[in-house]
Amino acid sequence: MGDDVLTALLRPLWLIDIFHSVWEAGGSWGVKGEADSCAVVHHMVRGGCVIAFEDGSGPVELHEGDLAIFPHGTAHSFSAERGAPTTPLSALVPSVRPGESGLVRVGAPPYGTTMLCASLRYSPLTGPGLYGELPRIIVLRRPMLEREPLLMSTLAVLPSEIARTAPGARLVALRAFETVFVLSLRVALEQLTEESPALRALRHRGISKALMAMHGSYAEPWTVETLARRAGMSRSAFSQQFRELVGDTPMRHLTSRRLQEARRLLSETGVGQREIAERVGYRSQVGFHLAFRREFDVTPGAFRSDRGERAVGGEDSGGR
């Protein structure tokens, strides 16, 4: 069942490029990264660091051999110790271009910490689907990794492989990190469900079926009753378990999924609003208009117009 969920998680994603680097750090050091539309991987080759998030939630310590995955590129800092002053990532790596790699040093010698980092960029033309349900960070500890021979062997050869300039090096690096990413998610779904309600929901036999239905077939006229039947649960048990694990009601979650897709279509395509409403499951354009405004505090037309103006302004000013 976990494999089925993993396939559903990754089916919409199309990884298209990568930036990877080896970090060496020493002394009291800290780096602050911004949110990015990519998956981020940190592997502690030597030493350790502390991960902190902008919302002030508890820090996460990484030790030698640990692997951290940030499925959504959530903004975070990583440093030698808690409370260490941080330097913006953009100041250390000012011209990150996909497909490139490099050595980054931070702090002062001797450099006792070595970390392998990668940003896996997926195509903006595909919606995240069920993938959006993953937690902001997944940490695989060294003992857990050591029980996964393929994952361990891939991590072991990555530093030497990404340093090569042989033909196809860029593609090989992308596929190697993609393998690490997929294997890490499989381990998380199999072994970390007790640590994360989100992973527990994806692993739950009934709730995962409902989530796959919502994210894969969001335009269908789902009701709580039909979703409960898909999950193989009673209506009351399904509603209670869904709220406990997902943190929302089934219909509210479905609405959010539909409107996220509508926002993506408005932003990235020229599809008309009436067709978008139909594509995401609204039989009434008025109903779609009202729901979109409630969700994002802007009408669909104003949202699309604003995005168009930003794109033109960016081009005029030389922005990317």
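**View 1. Salt bridge between Asp 66 and Arg 141.** In this predicted model, Asp 66 and Arg 141 form a salt bridge in which the closest N and O atoms are 2.7 Å apart. Asp 66 sits in the loop between strand 5 and strand 6 (67–70), and Arg 141 sits in the loop between strand 11 (138–140) and helix 3 (142–145), so the pair ties together parts that are 75 residues apart in sequence. Asp 66 counts as buried because its relative accessibility is 3%, under the 20% limit. Arg 141 has 32% relative accessibility and therefore counts as partly exposed. A search of the whole structure gives 13 salt bridges; two further examples are shown in the next views.

**View 2. Salt bridge between Arg 142 and Glu 146.** The side chains of Arg 142 and Glu 146 meet with an N to O distance of 3.1 Å. Arg 142 is partly exposed, with a relative accessibility of 37%. Glu 146 is also partly exposed, at 47%.

View 3. Arg 257 and Glu 261 form a salt bridge through their side chains, at 3.7 Å from N to O. Both residues belong to helix 10 (residues 250–268), where they are four residues apart, about one turn of the helix. Arg 257 and Glu 261 are both buried. Salt bridges with shared partners link Arg 257, Glu 261, Arg 264 and Glu 268 into one network.

**View 4. The largest nonpolar core and the surroundings of Leu 120.** The largest nonpolar core contains 70 residues. Those with the most contacts inside this core are Leu 9, Leu 120, Leu 140, Leu 202, Phe 238 and Phe 288. Helix 5 (residues 169–191) supplies the largest share of the core, eleven residues. A second, separate core has 23 residues, including Trp 29, Met 44, Phe 53 and Phe 78. In soluble globular proteins, nonpolar side chains tend to be buried together. With neighbours within four places in sequence left aside, Leu 120 is in contact with Leu 15, Asp 17, Ile 18, Cys 38, Ala 39, Val 41, Leu 174, Phe 177 and Phe 181.

View 5. Lys 32 stands opposite Ser 77 in strand 7. Strands of a sheet pair through backbone hydrogen bonds, either parallel or antiparallel.

**View 6. Cis peptide bond between Pro 109 and Pro 110.** The peptide bond that joins Pro 109 and Pro 110 is cis, with omega at about 0 degrees. Pro 110 is located in the loop between strand 9 (101–107) and strand 10 (113–122).

**View 7. Positive phi at Asp 297.** Asp 297 has a phi near 60 degrees, a positive value in a residue other than glycine. This residue lies in the loop between helix 12 (285–296) and helix 13 (300–316). Asp 297 counts as exposed because its relative accessibility is 69%, over the 50% limit.

Conventions. Residues are numbered from 1 along each chain as its sequence is written. This is a predicted model: local features need pLDDT of at least 70, side-chain atom pairs count only at pLDDT 80 or more; totals for chains, interfaces and linings use all residues. Side-chain values use heavy atoms; hydrogens and water are left out. A nonpolar core is a set of buried Ala, Val, Leu, Ile, Met, Phe, Trp, Tyr and Cys residues joined through side-chain atoms within 4.5 Å. Buried means under 20% relative accessible area, exposed over 50%, partly exposed in between (1.4 Å probe, protein chains only). Helices (H or I, at least four residues) and strands (E, at least two) are DSSP runs, numbered from the N terminus. Contact means heavy atoms within 4.5 Å. Two strands pair if DSSP finds at least two bridges between them. A salt bridge is a side-chain nitrogen of Lys or Arg within 4 Å of a carboxyl oxygen of Asp or Glu.
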